Amino acid sequence: MRALDRFGRATIDFFEYAGGLALLSAESLGFMLQLRIRIAETISQAALLGVQSLLIVCLTSLFTGMVISLESAQQAVAYGVSNLVGGAVAYASVRELGPMLTGVVVAGRVGAAIAAELGSMVVTEQIEALRSMGVEPPRFLVVPRLLALLLMLPLLTIFADVVSIAGGAWIAQTYAHIPYDSFVSSIRESIDFSDVVKGLVKSVVFAAIIALVGAYQGLSTRGGAAGVGRSTTFAVVLAIILIFASNFLLSFLLFGGR
Amino acid sequence: MRNGAGANVIARLENTALAFGSRIILRNCTLDIVEGAITCIIGLSGAGKSTILRLIDGLLLPSEGHVFVRDQDICHVSEDQRNVIRQKISLSFQFSALLDSLSVGDNVALPLREHTRLTHAEIHRTVMDALDSVGLANAYDALPGELSGGMLKRAGFARAIVTRPELVLYDEPTTGLDPIMGAVIDGLIVDIVRRLGGTAVAITHDMASARRIGDAAAMLHGGRIIWTGPASDLMHSGNPAVDQFTHGRREGPIQMELRR
């Protein structure tokens, strides 16, 4: 009976959370469609959330591209197909690792920041103050962050793709002695522009997940400083899980045919 | 909307009850906020005084009963309509609740930028007037984190009055301040109401403050409004619970339980 009770509560909590998140998403989308956007704040958030993530995204991508190249070059050289290494690195980077690693890194950095900022605004009554002034928190706070990430995450993903491939090319050249022109021609044969676009479509979805989960978790914060900590942790964990899950789904939908 | 004595009522709680799950906060509360007066609401900590302000502002909706602002029942309107009604009301928070990412000037300007079509210069002038009226003309560019407790309260007041609302709700305006700053804040509240011709509701534990600023008073206990009357009658209300509270007596009908 107790287990049933717990299951019932968990089910209600799940649907309550999903409903709240969906409502916040719909409200934010509604404000965006009505063009009720704080442009200056959006630009400022783009700089804060996007530009300041550039270094960490580039570093992560660089080492990822290098390690893919290292591993694939070893195998490729052993089987005498070292001319395929460029394609392998670009294929993995553009279609999967670029968007997903960028999403995960930004979720850790930006998702946490959004949840912590909005959470501390809740516990210090700043959100209630906004509501008491007739200012809708989703429009005032969530839309600028959501728009900023929707703009910046694809750009960061492009940087991640380029840096990852460049790192891969460098390792392929220095470690497996694969010339740059062979590496580049392998890339040309393996991927086309639609792969890059599909990777960017993924990053748009990840941006929405990071911003909305972070914002919803922040705005649902209860219980002072400890509550802010819980919200921040949960926002990051949930965003990363959703990024992985949606990445599989998107890969299936976008690349399922090939 | 008028009360029994024929005075204009700006806000009214009518048989209002509020519960969060099994926790009952308010039961069957009826209270008139008379236009042009300062009404003080007193009561023990956790009695639900701040909740009354949030009900009047539409931040909380009652479980039962009605809340009227002017003649409009704010419980049965959309959130957009409530946002319009809220432009007539301002809530000054206990801990000011200024947005800590904005300067004091930008905090005070926020309701003007959101709800008016004033030019940048007009907003700046109006904000400077509001800051000047609370003695913070030099704090326009300061961040909330750089202000003292008293300055924060006054900055919160400036934000609350900048749109010239009809009703200003003050949540514990003097709590945590030294007696002199408390008196200064009280003077400001009276000055704002008299000068701008508005109405105020103030939550307080401070009997000296309630007597200084209040025209009317109400006491909340056990989720009910147990007494209303002129603030000048607070110290000799004839109600044993009110007398115990206002005189700070340990013995009386209000039993404080200290659990060990």
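## Strand β9 of chain B

Strand β9 (residues 216-221) of chain B is mostly covered, with six of its six residues buried. This description rests on a predicted model. In a regular strand, side chains alternate between the two faces of the sheet. Both faces of β9(B) are covered. A216(B), A218(B) and L220(B) lie on one side, while A217(B), M219(B) and H221(B) lie on the other, and all of them are buried.

## Neighbours of β9(B)

β9(B) pairs with strand β3 (residues 38-43) of chain B in the parallel sense, over five bridges. β9(B) also pairs with strand β10 (residues 224-230) of chain B, here in the antiparallel sense and over six bridges.

β9(B) and β10(B) form a hairpin with two residues between the strands. In this hairpin G222(B) takes a positive phi near 60°.

## Side of chain B that touches chain A

The two chains meet through 14 residues of chain B, which are in contact with ten residues of chain A. On the chain B side, α2 (79-86) and α3 (104-115) each supply at least two residues. α3(B) gives the most, with four residues. By class, the side of chain B that touches chain A has eight nonpolar, three polar and three charged residues.

## Helices α1 and α8 of chain A

In chain A, helix α1 (residues 2-33) packs with helix α8 (residues 193-219) at an angle of about 115°. The axes of α1(A) and α8(A) are 10 Å apart, and α1(A) passes α8(A) in a right-handed crossing.

The residues that meet are G20(A), L21(A), L24(A) and S25(A) in α1(A) and L212(A), A215(A) and Y216(A) in α8(A). The residues of this contact divide into five nonpolar, two polar and no charged.

## V162 of chain A

V162(A) lies in helix α6 (residues 137-175) of chain A. V162(A) counts as partly exposed because 16 other C-beta atoms lie within 10 Å; a residue is buried at 20 or more such atoms and exposed at 12 or fewer.

V162(A) and S61(A) are 101 residues apart in sequence. In space, V162(A) and S61(A) are 8.7 Å apart, C-alpha to C-alpha.

Definitions and conventions. Residues numbered from 1 in each chain as written. Chains lettered and ligands numbered in written order. Predicted model: local features only at pLDDT ≥ 70, side-chain atom pairs only at ≥ 80, totals over all residues. Contact = placed C-beta atoms within 7 Å. Nonpolar A, V, L, I, M, F, W, Y, C, P; charged D, E, K, R; others polar. Axes fitted to C-alpha atoms, helices over the stretch in contact; angles between N-to-C directions. Left-handed = near helix turned anticlockwise from the far one by under 90°. Pairing = 2+ DSSP bridges.
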